[in-house]
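Hello,

Here is the structure I promised to pass on to you. Have a look at it first, and then read on for what turned up.

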Amino acid sequence: MNNQLSLTVNGVPHMLEAKPNEMLSDLLRYRLRLTGTKIGCDEAECGACTVLVNGEPVDSCIYPAERADGKTIVTIEGLASIALSGVSRQANADEALFAHEPRASSASLDASHLNSPLSARLHPLQEAFVEHGAVQCGFCIPGQIMTAYALLERNPNPTSDEIRFALKDTLCRCAGYPAIENSILAAAESLRTGEPVKKPNIPDSIHVHKSVGHIHLRPDGVEKVNGTAIYTDDLVFDGMLYAKVRRAMIPHGFLKKLDISKAKELKGVVAVLTADDIPGEHNHGLVIYDWPVMVGVGERVRYVGDAIAIVAAESQEIAEQASALIEAEFDLQPVITNPVQARQEGVPQIHEKGNLLKHIKVRKGDVEQGFAESDMILEHTFHTPIYEHAFIEPECSIGVPVDSRIEIYCGSQIPYQDRTQVARVMGWDESRVRIVGQLMGGGFGGKEDIMGQIHVAMLANVTQRPVKLLFDRHESLLTHPKRHATQIRVKMGAQKNGRLVACESELYGDTGAYASLGEKVMTRATTHSAGPYNIPNVRADCYAMYTNNPPAGAFRGFGVTQSAFAVESMMDMLAEKLNIEPVELRRIHALHVGSITNTGQELRESVGLMECIDKVSSSMCQVSGLAHEELFKPRVVSHREGAKDAKKEERHLHRTQVQVGKNLGVLSVLGGEDSYLVRAWGFAAGYKNTGLGGGAPDKSAAEVELYDNGTFQVRSSSAEMGQGLTTVMRMTVAEEMSVAPEQVKVLVMDTDLTPNGGPTTASRQTYVTGNASRYAAKTLRDAITATMAEKYDVKPEQIRFENGIVHANGHSMTYAEVAKEMKSMGQHPRALYEYEAPKTQPLGILTEDGKYGDMHFAFSFGVQAAEVEVNKLTGEVRVLRVISANDVGMAVNPLGLQGQVEGGVMMGLGNALTEEFIMDNGYVVTDHLARYRIPGIMLTPEITSIIVEHPTAEGPYGAKGVGEICSIPTTPAITNAIYNAVGVRVDRLLVDQEMIAREIWERENDKAE
Ligand code: FES
Ligand code: FES
């Protein structure tokens, strides 16, 4: 190995000392500080680390730095320079001039950069990604853009198929794959023609205002495409130490012995802490404090991810070595692996109060009477496995001691609750803890629980040095809460005329080792378990049970994903038995204004379910060209129609012959000439509450300030994890102050600088923080009105706000002048507003007037249809098209909404077809990203998004949540389509393609006999 490496990075020559075993990604990120290159997995699975080496895209996380010797590297930071330097598209990147910009250093999402056109600052690919809304959390985007750049270098006019093939290994968990594909097509066209990048064709809201309701670009879009966006792992502090957590790695037992002496003696180790060193409360949690910060000697280990010691050292390598030197002995206990087992008599009790976290009950009418009145009763049990969020950015926390306080830099969905939990464990007043939220590379509910925040606080406090704890993908998979695995039995009673009269459900939810949000999640699963339908008699019982699996908590859909799969499958099964068309059965029972939900809530407004059903129903006919009665029947597809490539079909046939062995003869008859690809549509509906509900106070605060230069800043601690909240906040304030959105800066996620916006969960932030921003802006506007009225001696009604100018009966002032005027009068031009959503009622508790009242203040509704193609020989399922209609109240930013819908559909598709988190007796088998198949661009169907807008009276401009509803009906739409295509009912997720092939074969074999 040479001692020196000579390489050119973004046009700048570097001579660097060679380090053994160093990967190119580490050299770029940690030695050259080019942190635009991201690390999502470190195992060549996600593509986030893609850079160009001599023009070829490589996964820099597995590319040895020494191989880059003498080569030319281009990273995301270099791309704009290539475009702006005037180097022709075909020119060698070597010739590009590159000037490295200084880095931003705070979470402030600054709008000022948008004052010059994107095309003047960005490569057309970067520009197109921003314009088309392909950027959400942004963590995968550098990898996507660099891969796309390499494609366009060799193929300036790619087809969609060629784009998909090129990007097949570059994963996006926000999954805006259609937008990514459209961005690349638009950039390619611009590069070929020299014309400006074409903008997307997305309609405005039907309730359009001056700002809200129009397409608006993300405030953080440019940083996310040019590599300057800062995520926690991109930060470096002077004297920073590196942490490692020693985990139990056994699913159940008692810690008998713990010896940290060897770890402490290792050179470079600065601190090793155990449970004995916890200064305050020993447990943390979001609702119930049952999760130990570290398990102490003599205490119970409840899952493999339990921490038993933490290390801080001068380097990551030393911290890992020290962790491995810690010796532990356990007294192993029998393992509880599923919630049904956990409720059985005589099994070990994982917590002092037992294995039952919560028995949740829903009661409406008289379910026994309903079954007695039924002509037909159908009962079936469904199973869903554990699912993983698989955000592309693994968890990272940095604790920094500042005077007598600790500042914690991290990605968090609930900064103020992080602060509370850290302070409790430190035994401190909360004022001594500051959470400084950073951009998040996705969350989806998986960054609500504390991960490293407490551990870095303890280590930083003891060492009085900054300490970084970065999870690798293995640790991330092992440790953080998952989606609950469930067993759901549904029994439905109906009359001959198609009237559903009774629904009984029994749910078991696996909440794993600790409560996290398990009680809340399974409550939502239970209350939604009879679907968005009018059914007079409903009974549901849910048992949320502790097991020795990783904890389960919030995950997009919050329990409703699981129960929707069960009830929507049952609706189709019932429709078949009743000989009623499945759309019609849903129409008959669809909730509408005036309906009473299963929890006794009267819906008084904003119920767009029927419109969603009707729009999806007619859209299916439009896009397929089929008559309605043909949609749900199987259609045999010719080879030519089903596959663009005859060789691919041969491969399918060959693979089947190998897999199925002795059944070959029968299968080849089945295959015949043209009959093994079968298509059909499937249909499903869903609903999802907006906001916390259930009697929890649902508040969010925001502050709006006018600066001397006439710009505004809106602040709230609410989290931006890619979903687009900051765009909503900006547009809302722009609307109220009558300025361009670019005049509004946004600051989020800092407990010192931003008021408490509450948790980013339950699809609540557009509603509550949207309203907080809106009313804070209104309050400031009222103050400005009073000032102007006094100055010009006019009535407040005579003050008008137009296009950034305040008019007062013939006088006018810019906002910059207004700010100076207010200050000269001793007023500070800022306003704080704490918004509290309408009160809700706990489940099953009667109000004073003897009714059950409103468990939620708003619901979103969604309907999806999926067209699948099933290969009868292999059981392979392809989703060809998805139509998704969502009643979101009002589309505040149609561009962001499109991204949410597309991402939601892809997450639902993964839930049905590709993702499964495998456990084996409490041990995690899915311990690498490669073992958890999140869907890539190749699996992306054609997605049609239909926005339905039934406004809420109280939501900002009528808006309600969308983040979850757009994902909920996807899985049952797909599994219903599979049944319609080949007659195999999927009642256990993940869809098992071998099972489909086997069932088809057994059926065909029976027929043949
Ligand atoms: S970080 Fe390199 S492929 Fe995931
Ligand atoms: S934008 Fe791709 S992972 Fe979030």
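Threonine 8 stands opposite threonine 72 in β5. Please keep in mind as you read that this is a predicted model. On its other pairing, β1 runs antiparallel to strand β2 (residues 12-17), with six bridges between them. Here leucine 7 faces histidine 14 of β2. Two residues lie between the strands of this hairpin, and one of the residues to look at is asparagine 10, with a positive phi near 50°.

Which residues of β1 sit on its covered face? In this strand, residues 4-9, they are Leu5, Leu7 and Val9, while Gln4, Ser6 and Thr8 make up the uncovered face.

**The seven-stranded sheet**

Further along there is an open sheet of seven strands with mixed pairing, in the order β8-β12-β6-β19-β16-β17-β18. Its edges are β8 (269-273) and β18 (433-437), each of which pairs on one side only. From one strand to the next, the twist averages 20°. Helix α12 (residues 415-426) packs on this sheet and touches β17 and β18, and its direction makes about 145° with that of β18.

Within the sheet, β16 and strand β19 (residues 467-470) are antiparallel and share four bridges. Cysteine 396 has leucine 470 in β19 as its bridge partner.

**Cysteines**

How many disulfides are there? The count is zero. Cysteine 542 is in no disulfide either, with the nearest cysteine sulfur, in cysteine 503, 14 Å away. Are these two cysteines buried or exposed? Cysteine 396 is buried at 6% relative accessibility, and cysteine 542 is buried at 0%.

**Backbone points to check**

Most residues other than glycine have a negative phi, and most peptide bonds are trans. With that in mind, here are some places for you to inspect.

- Asparagine 21 has a positive phi, near 65°. This residue is in the loop between β2 and α1 (24-31), and is exposed, with a relative accessible area of 72%.
- Aspartate 403 is not a glycine, yet has a positive phi of about 55°. Its place is the loop between β16 (396-402) and β17 (405-410), where aspartate 403 is exposed at 75% relative accessible area.
- The peptide bond from leucine 989 to leucine 990 is cis, with omega near 0°. Leucine 990 is in the loop between α26 (970-982) and α27 (993-1008).

**A pair of helices**

Finally, helix α22 (residues 725-737) packs against helix α23 (residues 765-792) at an angle of about 30°, and their axes are 9 Å apart. Angles under 35 degrees count as roughly parallel, so α22 and α23 are roughly parallel to each other. The crossing of α22 past α23 is right-handed. Residues of α22 that take part include Leu725, Val728, Met729 and Val733, and among those they meet in α23 are Thr769, Gly770, Ser773 and Ala777.

Best wishes, and enjoy looking around!

Definitions and conventions
Residues are numbered from 1 along each chain as its sequence is written. Chains are lettered from A and ligands numbered from 1 in the order in which they are written. This is a predicted model: local features need pLDDT of at least 70, side-chain atom pairs count only at pLDDT 80 or more; totals for chains, interfaces and linings use all residues. Side-chain values use heavy atoms; hydrogens and water are left out. Buried means under 20% relative accessible area, exposed over 50%, partly exposed in between (1.4 Å probe, protein chains only). Two strands pair if DSSP finds at least two bridges between them. A disulfide is a pair of cysteine sulfur atoms within 2.5 Å. Axes are lines fitted to C-alpha atoms, for helices over the stretch in contact, and angles run from 0 to 180 degrees between N-to-C directions. Angles under 35 degrees count as roughly parallel, over 145 as roughly antiparallel, 65 to 115 as roughly perpendicular and the rest as oblique. A crossing is left-handed if the near helix is turned anticlockwise from the far one by less than a right angle, and right-handed if clockwise. Contact means heavy atoms within 4.5 Å.
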